[in-house]
Amino acid sequence: MAATLISDTAPWKDLKAHVGAIDKTHLRDLMNDTERCNSMMLEFDELFLDYSRQRATLGTMSKLFTLAEAAHLKEKINSMFNGEHINSTENRSVLHVALRAAKDTTMNSDGKNVVPDVWQVLDKIKEFSDKVRSGSWVGATGKALTNVIAVGIGGSFLGPLFVHTALQTDPEASKSAGGRQLRFLANVDPVDVARNISGLDPETTLVVVVSKTFTTAETMLNARTLREWISSALGPQAVSKHMVAVSTNLKLVEKFGIDPNNAFAFWDWVGGRYSVCSAVGVLPLSLQYGFSIIEKFLEGARSIDQHFHSASFESNIPVLLGLLSVWNVSFLGYPARAILPYTQALEKLAPHIQQVSMESNGKGVSIDGVLLPFEAGEIDFGEPGTNGQHSFYQLIHQGRVIPCDFIGIVKSQQPVYLRDEVVNNHDELMSNFFAQPDALAYGKTPEQLQSENVASHLVPHKTFTGNRPSLSILLPSLDAYRIGQLLAIYEHRIAVEGFVWGINSFDQWGVELGKSLASQVRKQLHASRKKGESVEGFNFSTTKLLKRYLEASADVPSEPTTLLPKI
């Protein structure tokens, strides 16, 4: 029997037909329907969602819930929480929710409760980070380790960086981090190495190498570079005092020179982009802020996990957001989404969600391997407000239609009050948070412009069509707990989209081809540099570029002595 695509179902076709009715509406009119607006708002744990500015009626929502039934959304969510192998192409459970489960919870993968394993690692992180922070674990020369460089790429970097950036200005977290530094080395570009070690002393630096297999090309080259930085300053025996690992490959960890007792495990049922709540994020973040702060972050994520698992779809924030994304992408034809947090503390949210979303749902075939006859996946980008307003909002207001997520915070992490100002700094910021969604929804008509006596030749240029969808999320504050909630909302929203589209949101075969081609180039560069071999086996264009690169960098020594960046 052929696998059924969601696009072949009656609810999908019903929504396709429904687009015509929505095209006859405008958000100006939809926003006048108070009953509709009121039913498109909900609150959970002081977190407020308003999706009344979506191009949808109550009828649309009802049809989307019917689509969710046809996609077996409830069963798929339960399968995820039950540890079934829903990542079928890699034959794995998908259990990032277990990473923040309470100690007394049971979550099984392959018939085994994984929660005790999770807490064994968390307890080990607490013990180790307490030792380093208190100065009882010291470096090779007896000095306290106050600087941490976390080496990892992709999911081993973007998630922890987002959380770190958000916590930096939280009063409780910043107090706890006093005198400490956390940096992230991701790119294999030597410039990134230079930036990371600039101003740091190997004597007071601890390096956390994050690689599940301990074979990731970029990460391991960076790890070897930092190992050289440490051993050239302090001697090779210093490595075990200044380097620890987050990995499952204890053999390679030991071979590298790191004590396997200082390796922190994570598991195959955690995908890289979903790993911030594992040792990948929790270890470097606990070293910086202390485990008790990061435990609150895990509790925030857990609160959303429970809400997602148990709330009815009508009052389930991740489900509503996921269904609305499917509606915008697959039915209204809006492939992009702007993530617009009105707080500088969330400046690294969009880059993280970009990976979680686009690596998860950037697929062209169904989970059964059938070519999709519709577009799946969203193009995610974003920038904090109000910075983005002075950058790309022009296009959002008068160019392409891009649905927007506005994220606001009631209480600023760092309030500023000046005498004689009309409003305080945070109110100035939030004035824009409240105004922009209405500007997008309502726009401005030629008639309004004419009544303001705008010159007729400028009327078309100053007209705003409006009818541009957005949603608003209002958080009471931005502390570790709320950061955890925000992370989990987006993680689950993305899973919902994948479940409805019928794709596997938990593999990433699309990253493999470029990597394997790069290994051919690596061999060629080695042969050309070391043995003077000519460039062969590539197409004309690549050959020409490679030759140009090699000729222009002919001064690179074929047998180099070690050289580290000097800034």
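Helix 1 and helix 4 run roughly antiparallel to each other in this predicted model. Their axes make an angle of about 165° and sit 9 Å apart, and since an angle over 145 degrees counts as roughly antiparallel, that's the label the pair gets. Helix 1 covers residues 10-23, while helix 4 takes in residues 58-70. As for handedness, the two cross in the left-handed sense.

So who touches whom? On the helix 1 side you'll find Pro-11, Trp-12, Asp-14, Leu-15, His-18 and Ile-22; these meet Thr-60, Lys-63, Leu-64, Thr-66, Leu-67 and Ala-70 of helix 4. Sorted by class, the contact is made of 7 nonpolar, 3 polar and 2 charged residues.

Ser-93 belongs to the loop that links helix 5 (73-81) to strand 3 (108-109). Its relative accessible area is 5%, so Ser-93 is buried. What does the side chain of Ser-93 make a polar contact with? The partner is the side chain of Ser-109, at 2.9 Å. A polar atom of the Ser-93 side chain also lies 2.6 Å from the backbone oxygen of Gly-83. Setting aside neighbours within four places in sequence, the residues in contact with Ser-93 are Gly-83, Glu-84, His-85, Ser-109 and Trp-269.

Beyond its neighbours within four places in sequence, Pro-384 contacts Pro-341, Thr-343, Gln-344 and Glu-347. Arg-522 is another story: Pro-384 and Arg-522 are 138 residues apart along the chain, and 38 Å separates their C-alpha atoms.

The loop between strand 11 and helix 17 also holds Thr-386. Have a look at the peptide bond joining Gly-385 and Thr-386: that bond is cis, with omega at about 5°.

Phe-214 is in the loop between strand 7 (205-210) and helix 10 (217-234), whereas Asn-467 is in the loop between helix 20 (459-462) and strand 13 (470-475).

| Residue | Relative accessible area |
|---|---|
| Ser-93 | 5%, buried |
| Phe-214 | 4%, buried |
| Asn-467 | 14%, buried |

How values were computed. Residues numbered from 1 in each chain as written. Predicted model: local features only at pLDDT ≥ 70, side-chain atom pairs only at ≥ 80, totals over all residues. Heavy atoms only, no water. Axes fitted to C-alpha atoms, helices over the stretch in contact; angles between N-to-C directions. Helix = DSSP H or I, 4+ residues; strand = E, 2+ residues; numbered from the N terminus. Parallel < 35°, antiparallel > 145°, perpendicular 65-115°, else oblique. Left-handed = near helix turned anticlockwise from the far one by under 90°. Contact = heavy atoms within 4.5 Å. Nonpolar A, V, L, I, M, F, W, Y, C, P; charged D, E, K, R; others polar. Buried < 20%, exposed > 50% of the residue type's maximum accessible area, 1.4 Å probe, protein only. Polar contact = N/O pair within 3.5 Å; in protein donor to acceptor, adjacent residues only side chain to side chain.
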